[in-house]
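Hi everyone, thanks for making time this morning. I'd like to walk you through one ligand site, so let me put the structure up first.

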Amino acid sequence: MTKRISLTQYLIEQQRGEAQIPSQLRLLIEVVARACKRIAINVSKGALGEVLGSAGSENVQGEVQKKLDIIANEVLIEANEWGGHLAGMASEEMDDMVGVPNRYPQGEYLLLFDPLDGSSNIDINVSIGTIFSVLKHKGGDVTNESFLQPGTAQVCAGYCVYGPQTTLVLTVGKGVVMFTLDREMGAWWMTEDNMRIPEDTKEFSINMSNMRHWAPPVKRYIDECLAGKEGPRGKDFNMRWVAAMVADVHRILTRGGIFMYPWDKREPGKPGKLRLMYEANPMSFLVEQAGGMATNGLQRIMEIQPTQLHERVAVVLGSKSEVERVTAYHREVQ
Ligand code: AHG
Ligand code: MN
Ligand code: MN
C-alpha cells in the first residue's frame, strides 16, 4: 500500500523543517482546508442542497452574487474567526475587511480570499474553486490599509478546486504541493510533492470572445499562436478556457500553459478584470514557486504596491518562456 502524507503531517514537517512555519500559520492553513471541505460538501449537493442560482444581491464590484458565493464566504469566516490565528479577513464578497470578534483572541495573520472562483460555472456543474492569500499583520489597528501589501509579502497562498476531484494546492514559499480530498475519510492526502510548470508550452488560455477589444501586443501573441506550424512560432497551439481562473491555473500547474486576462477596451479605465489581492497575487505566488512567471504585461504582479482592497490587474501567467514573450511584446510598444 502506498504510504501517504496527510496535510497535518506535511505542515508539522514544514514547522520543524526548512520553512519553519509558525504554529499559528499551520493552524490557519488547517482551518482554511477544513472550510474548503465544508464548501466542497455544499458544492457537491447542488440542486439537492438548494445551493444553486442567484442570491439576488450584488457585491462591491457590481457583480450578482450566487448563493454559493455567500455560503462559501460565510463558511470561511465562521471557520477562521475563533481560532486566535487571525487579525482580520478580507474577501471578494465583502466591501471592507472584517476583524476578529472581541470575544476571541487576535492573531498575527491577515487572510484574503475569493471564496468561490468561477461563479458562472456553479449552475452548469463545471469546476469552481476557492483562492486564498496570507499576509502578516504589521501591528496596530486592523483596517483595509493593513492588507495593502505587495504579493511578495505573502507567507502562504493556495487554492482548492471543486472538480472531478477536490484538490488543495498550496505554497508556504518552499515549492508547491497538492493534496487530494479523500471524501470517505474527510482527509487531505498529498498527491504531488513538487509541482513544476514546464518552461515551454503549446497551450494558451484566454477568453477569445474579447479579441476585438485587446491591445496590440496580446493580439500579436495570439495571432502568432493561431498561425500554428506555418506561422512564426513553428508549432500548433491548443486552447482551453474554463472560465474559472482556479481551474485554468490548476491545469497550467499540472501540464503547463499560459493564462491571460489582459486589459481590454471594454472598460479602458480598469487595468483588468481579475482582482490583485485575492486572485492574481496568490496565483502568482504559486506559479512562481512552481518555476513559472506572472506579470501584468509589463511588471511582476507580486511587486505591484496595492492601493485598494478590490484593485484589479491584468494577468499573464504560466510557462516562463511564453510569459516572457508576451511581456516583451508589451514592453516593445511602451
Ligand atoms: P469570480 O467567479 O470569482 O468572479 O471570478 C471569475 C473570473 C475568473 O475566475 C475567470 O478566469 C474569469 O472571471 C472568467 O471571465 P469571463 O466571464 O470573461 O470568461
Ligand atoms: Mn474569482
Ligand atoms: Mn469569486
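So, which pocket does the space taken by ligand 1 correspond to? It is the largest pocket. Please keep in mind as we go that this is a predicted model.

Let's start with the overall placement. Domain 1, residues 7-192, and domain 2, residues 203-332, both give residues to the shell around ligand 1, so the ligand lies between them.

Now for the neighbours. There are 18 residues around ligand 1, and the ones that come nearest are Asp-117, Gly-118, Ser-119, Met-245 and Tyr-261. By type, the shell divides into 8 nonpolar, 3 polar and 7 charged residues.

For those of you who like distances, here are some polar contacts, each to an oxygen atom of the ligand. Asp-117 places a polar side-chain atom 2.6 Å from an oxygen of ligand 1.

How much of the ligand does the protein bury? Ligand 1 exposes 470 Å² when taken alone, and the protein buries 86% of that.

Finally, the secondary structure. Strands E5 (109-117), E13 (258-261) and E14 (274-275) are the elements that give two or more residues to the shell around ligand 1. The largest share comes from E5, with 3 residues.

That's my tour, and I'm happy to take questions!

Methods
Residues are numbered from 1 along each chain as its sequence is written. Chains are lettered from A and ligands numbered from 1 in the order in which they are written. This is a predicted model: local features need pLDDT of at least 70, side-chain atom pairs count only at pLDDT 80 or more; totals for chains, interfaces and linings use all residues. Side-chain values use heavy atoms; hydrogens and water are left out. A residue is near a molecule or strand if one of its heavy atoms lies within 4 Å of it. A polar contact is a pair of N or O atoms within 3.5 Å; within protein, one must be able to donate a hydrogen and the other to accept it, and residues adjacent in sequence count only if both atoms are side-chain atoms. Accessible areas come from the Shrake-Rupley method with a 1.4 Å probe; for residues, only the protein chains shown count as cover. On a 1 Å grid over the protein atoms alone, a cavity is a set of points where a 1.4 Å probe fits but cannot get out, and a pocket is an open set with protein on both sides within 12 Å along at least five of seven lines; lining residues have an atom within 4 Å of a point. A molecule sits in a cavity or pocket if more than half of its atoms lie within 2 Å of its grid points. Helices (H or I, at least four residues) and strands (E, at least two) are DSSP runs, numbered from the N terminus. Ala, Val, Leu, Ile, Met, Phe, Trp, Tyr, Cys and Pro count as nonpolar, Asp, Glu, Lys and Arg as charged, and the others, Gly among them, as polar. Domain bounds come from an automatic or database domain assignment.
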